[in-house]
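Hi,

Here's the structure I promised to pass on. Have a look at it first, then read my notes on the pockets and the ligand below.

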Amino acid sequence: MKNISLDYSYTYPFIDDKKINSYLDTAFKAMDMLLNRTGRGKDSLGWLDLPEKTLSSGLIGEIEKVSDEIYNNADLLICTGIGGSYLGAKAVTDALLHPFYNSLPKNERKGPKLIFAGQNISGIWLEAVINEINTNKSVYVNVISKSGTTTEPGIAFRLIKQQIEKKYGKKESAKRIIATTDANEGALKSLSDKEGYRTFVIPDDVGGRYSVLTPVGLLPISSAGISINELLQGAKDASEFGKIRNIKNNPGLLYALLRNLLLKQGYHTEILINYEPTLHYINEWWKQLFGESEGKNNKGIFPASVDFTSDLHSMGQWIQEGQRFIFGTTLNIMGADSDLKVPSDEGSPDELEYLAGKSYFEINQQAFRGTVVAHHDGGVPNIIFNVPELNEYYLGQLLYIFEEACGISGYLLEVNPFDQPGVESYKKNMFALLNKPGEQNKINRKKIDEKISKIPKDKVTE
Ligand code: PA5
């Protein structure tokens, strides 16, 4: 079976063989540091052998027991979480389910409708979630939080729990709420023990943004009827070729090397490009992975993303002719999932008759080829991931390739790719402004008030 391959022809002549060869040793060292667990954040590397371990453990069976129950009995599954406790499940389910999955009739959809909450602090969003709870007969909730104290999912879950208990009573609700959290500690673990929720564990040595292949992602994904076995098999195979010390056989290693070489040439913004709209959240997951892992100590490649060809009609101009510090990474899905063809239209009023009889897949492919050549002409290097098909197996490969590349890339940048100290700053201010009890919050509040008092007051339009 073919693996995902990486085509780097369109990074030439921006970089060349000489540059690649001169950076090889450094890249190998970064890879060794990751695989031998000798670098920074080495206690957060549980994801490295997670696919293999999970496939040979009883965990899949435990997850599938609960997910089968949800798949067969639920009309609606609400996944409550944020960041790494949300994006992986959203990315994989969106990528593999029908584009209008939630709108399909139950007999076609088969599994429950899937909605997400706790990834924002929007009352409008939560009112819509409550409406879904009230209009669907059988509702299950998967509340996902390692710490259990994250504000967004915390205050969303309060409300959801209240509504579910109102609908079913406390005893029945306890059967319908499943928590994914720390094995021993944290507010959600304590609440689950008190209320009798079934729980799944987020391993200590796997950080949020690397947790898609733990129960964090696997339970919601499996509850939607997607094969987690295939997903993990793809990731396991990628972990095998991810050990090869040869850039021609290890796309993750090569990707990490190329993007850092491009950064050295001044290309400090990377745009992840897809041509399938259902991959939108793969881009979002990737942005968190690379953004949170690399953006520290005033370093990091800025991860941006676009959905083509839609965004060619909004961002295309900028990418083609704007400032030259961007490079693209394209997810090229090579196998057609649909053979739908453009129909003929007599008289060709839109002057598009030359496309009649061609498949939409073929036109999309030519759009991709034309775009990559145009952007290359315009001074935008491009890395291409050729993904044989859009299915569980190759998504598993892709997720793992990106995770490994991110670890290597972080080490190449000489940052710790497994922490996220900067995420605390907004929380600190928000807690102070919301008068969270505690001496430190009072001190922080004073600092914020002082800062605000010094900000010019007349710099706003009337
Ligand atoms: O990657 C990360 O660590 C974060 O995105 C977390 O996953 C996110 O903040 C949610 O944290 P928690 O699972 O503790 O609620």
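Let's start with the second largest pocket: its lining splits into 11 nonpolar, 14 polar and 9 charged residues. (Ala, Val, Leu, Ile, Met, Phe, Trp, Tyr, Cys and Pro count as nonpolar, Asp, Glu, Lys and Arg as charged, and the others, Gly among them, as polar.)

Before I go on, some housekeeping. This is a predicted model, with residues numbered from 1 along each chain as its sequence is written. Local features need pLDDT of at least 70 and side-chain atom pairs count only at pLDDT 80 or more, while totals for chains, interfaces and linings use all residues; side-chain values use heavy atoms, with hydrogens and water left out.

Back to that second largest pocket. Its volume is about 870 Å³, and 34 residues line it, with I82, G83, E292, V423 and K427 closest to the centre. By pocket I mean an open set of points on a 1 Å grid over the protein atoms alone, where a 1.4 Å probe fits and protein lies on both sides within 12 Å along at least five of seven lines; lining residues have an atom within 4 Å of a point. The volume is the space filled by probe spheres set on the points, which are joined across faces, edges and corners.

α7 (151–168), α13 (280–294) and α17 (424–433) each put at least two residues into this lining, and α17 gives the most, with 4. (Helices are DSSP runs of H or I, at least four residues, and strands are runs of E, at least two, numbered from the N terminus.)

So what takes up the space of the second largest pocket? The ligand does (the test is more than half of its atoms within 2 Å of the grid points). Around the ligand are 13 residues, with S85, S145, K146, T150 and Q288 the closest (a heavy atom within 4 Å counts). That shell is made up of 1 nonpolar, 9 polar and 3 charged residues.

With R209 it is a backbone N or O, at 3.0 Å. The protein buries 86% of the 380 Å² that the ligand exposes when taken alone (Shrake-Rupley, 1.4 Å probe).

The largest pocket holds about 1,100 Å³ of space. Its lining has 39 residues, with D94, L97, P99, P277 and T278 closest to the centre, and it divides into 24 nonpolar, 10 polar and 5 charged.

Cheers

Notes:
Polar contact = N/O pair within 3.5 Å; in protein donor to acceptor, adjacent residues only side chain to side chain.
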